[in-house]
Amino acid sequence: MNNTITANSHDKDSISSFIENSKNTSLSIFERKKSLEKSLQILKSKTKDSFYTINLSTIAYQTLKLSDSLLFKKRNKEALVLAEKLRDTFSIGDIHWNYATYFSSKLDYDSAYYHFSKANHYFEMGTYLYEAATTQYGMAHIRGHFRDYSGSEILTFNAIKKFKKINDSGSLYTLYNHLAILQNDIQQYDEALQYHKTAIGYLKNINKSDALYQISLNNIGVTYFKMKKYGKAIHYFDEVLVDSLLKTKNLGRYARVIDNKAYCEFKKGDTLNVLNKLNEALTIRDSLNNKEGKIISMLNLSDYYKSTNKTIKAFSYAKKANQLAKEIKNSRDYLKSLVLLSEIDIKNGQAYFKQYVKFNDSLLSVERKTQNKFTRIDYETEQYIEETERLSELNTLILISSFGSFTILSLIYFIKIQRKRNTNLYLEAEQQKANEQFYILSLNQKSKLENEKVNERNRISEELHDGILGKLFGTRLSLSFLEMDLKKEVKTKYDSFLIELQTIEKEIREVSHKLNEDFDDSKTDFISLIQQLLDQNSKIGNFKNELIQNDEINWNNIDEITKVNLYKIIQESIFNIIKHSEANNVIIKFRFSNGHLNLSIIDNGFGFKQKRKPKGIGLKNIKSRIEKLDGSYEILSEKGEGTKILIHIPIK
């Protein structure tokens, strides 16, 4: 006998009341947990339907909010099993959303992203706009954390479209603020300012938006600071500090703004009262146990004391910031602290510099792997949902077909036994064919997935070698030529190379952006980029350079893929020249004739015997890129007579 009954209105109100009571922060944790238990007891006496699953999901989430992770996982798992059994898309999405929140709190971003992705798919299936948009923002936030800026932007814009349909001003403010922060990170400051202003425009529709307005003003000030427009930055910080009650209402925000303003004044050259404000901000952040804020304050104080030649204090603050950043795994500020330490502690500067390079390399590698993992999660989640839907439809069809067949066969049974046997044989044959087709489709799908993985690994290998490793090699090679003494001239050159290492990531991002998106005359001149590449590397390789092109080439008519590959081919060739040839003159020629773009790369270095084929990933990458463009190439070289690489690319 089934003792469960459907929930009536009184029971529904009781369950909701107890759940709401568990959110009451004026009660003790024990009382709030008791309320959740009471709501669960009432719920368990009811029919296990959609009402049951969504309330069990809510109870699981509130359990997580009360810091009972073990009980949360137990209840959430129970809810998921039931929701999947009922095929309740909203509840399945909500439960995965619970998991995403849990893993985010544990800083397990891979798992968090996976569950955000699953939740989003189910909310999209059910056209739940708010939930779909919110989970997309969760995915966007994680991608932004790992510096996957384009992926984060796409997800954010998709979420914005949904929130605009339901006129959710609060969420739109948050998303445009997120876009502004992304633009800040890639140094697109004008776009960042525009997004901040767009975000502020939504505040008029939000109650009690003063706090959000102050946050935006501070963020705008930070953007102007990064643009080195210190006067404008200070103006926005002052607008926040106009609120005389800010220190009382939000001490943490007050500390952030006075620290930003003081450091900005210091950079501007106005040191009056700067030290007092920097120390005040650090004291407040220490009292609030705001570790992230403390690191920023200590780095700012270290920079201040370094500029006033108080080396001991500068070193002390930089060292404390370094240790705290390492403790809380703050990669960005950990790298900043290593730079400061290398500049302050000259004796151990090279050791700090090596730490910086090693950690930055590992960080880039982790970020690249994580970005690719997110892409794979998106793909596999989509495939999983599609396969589940297909199997569900197939099962439904089989049930309908089986029921229909059973009815027909039952009627035929009373008419003719032989016809029944024939019909059964036919159905068995058809079922076998369907099963065979199903397995073939499954195998084909697995094959496609494996091919995609192989292609992705090859692409990552090529990009890492062409871009990051090549640039790092050039800079390190230059540093290795210097003797580390205290002569002023050598010190100046050493510092310049250190700065070059700090800006590598920016160069990679800018070159990639320009070559992939921005190659028309109104945005970026391709030849100027090539010249810039030559000029930068000629200093490293100590060679003269010459760039020649004929007037028949119209770069606007050449597609972006061709330009990107040409740039990478030239870049790889120059790195090979620096590593192997010791040339003192390099010539790059572009010529257009008979529908072909001809590229010549000529150096007067050592050269090599043609019988001995040059090996290495560099030449393989060049060959791979030429083949992508349906082109051909020829290498002419003799020992002691330099090398010529002749490349011919058909232009359609």
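Glu327 is exposed, at 53% relative accessible area; exposed means over 50%, buried under 20%, and partly exposed in between (1.4 Å probe, protein chains only). This is a predicted model, in which local features need pLDDT of at least 70 and side-chain atom pairs pLDDT 80 or more, while totals for chains, interfaces and linings use all residues. Residues are numbered from 1 along each chain as its sequence is written, and side-chain values use heavy atoms, without hydrogens and water.

**Salt bridge at Glu327**
- Glu327 pairs with Lys291 in a salt bridge, with N to O at 3.2 Å; the term means a side-chain nitrogen of Lys or Arg within 4 Å of a carboxyl oxygen of Asp or Glu.
- This pair links distant parts of the chain, with Glu327 in helix H17 (residues 311-327) and Lys291 in helix H16 (residues 291-307), 36 residues apart.
- Helices are DSSP runs (H or I) of at least four residues, strands (E) of at least two, and both are numbered from the N terminus.
- Lys291 is partly exposed, at 29% relative accessibility.

**Salt bridge at Lys162**
- Lys162 meets Glu124 in another salt bridge, at 3.1 Å from N to O.
- The pair ties together parts 38 residues apart in sequence, because Lys162 lies in helix H8 (residues 149-165) and Glu124 in helix H6 (residues 109-125).
- Lys162 is buried, with a relative accessible area of 11%.
- Glu124 counts as partly exposed, at 33%.

**Other salt bridges**
- The count of salt bridges comes to 16.
- One of them joins Arg332 to Asp333, whose closest N and O atoms are 3.1 Å apart.
- Asp333 is buried, with a relative accessibility of 1%.

- Ser152 lies in helix H8.
- Ser152 is buried, with 0% relative accessibility.
- The Ser152 side chain reaches the backbone oxygen of Ala140 at 2.7 Å.

**A positive surface patch**
- Lys44, Lys48, Lys74 and Lys85 form a positive surface patch.
- Patch residues have over 30% relative accessible area and no salt bridge, with like charges joined within 9 Å and nonpolar side chains (Val, Leu, Ile, Met, Phe, Trp, Tyr) within 5 Å.
- Lys and Arg count as positive, Asp and Glu as negative.
- Lys48 sits in the loop between helix H2 (29-43) and helix H3 (50-65).
- At 49% relative accessibility, Lys48 is partly exposed.

**Asparagines with positive phi**
- Asn273 has phi near 65 degrees, a positive value in a residue other than glycine.
- The loop between helix H14 (251-268) and helix H15 (274-287) holds Asn273.
- Asn273 counts as partly exposed, at 40% relative accessibility.
- Asn594 also has a positive phi, near 50 degrees, and is likewise a residue other than glycine.
- Asn594 lies in the loop between strand E2 (585-593) and strand E3 (596-603).
- Asn594 is exposed, with 74% relative accessibility.

Terms used. Accessible areas come from the Shrake-Rupley method with a 1.4 Å probe; for residues, only the protein chains shown count as cover. The place of a charge is taken as NZ of Lys, CZ of Arg, CG of Asp or CD of Glu. A polar contact is a pair of N or O atoms within 3.5 Å; within protein, one must be able to donate a hydrogen and the other to accept it, and residues adjacent in sequence count only if both atoms are side-chain atoms.
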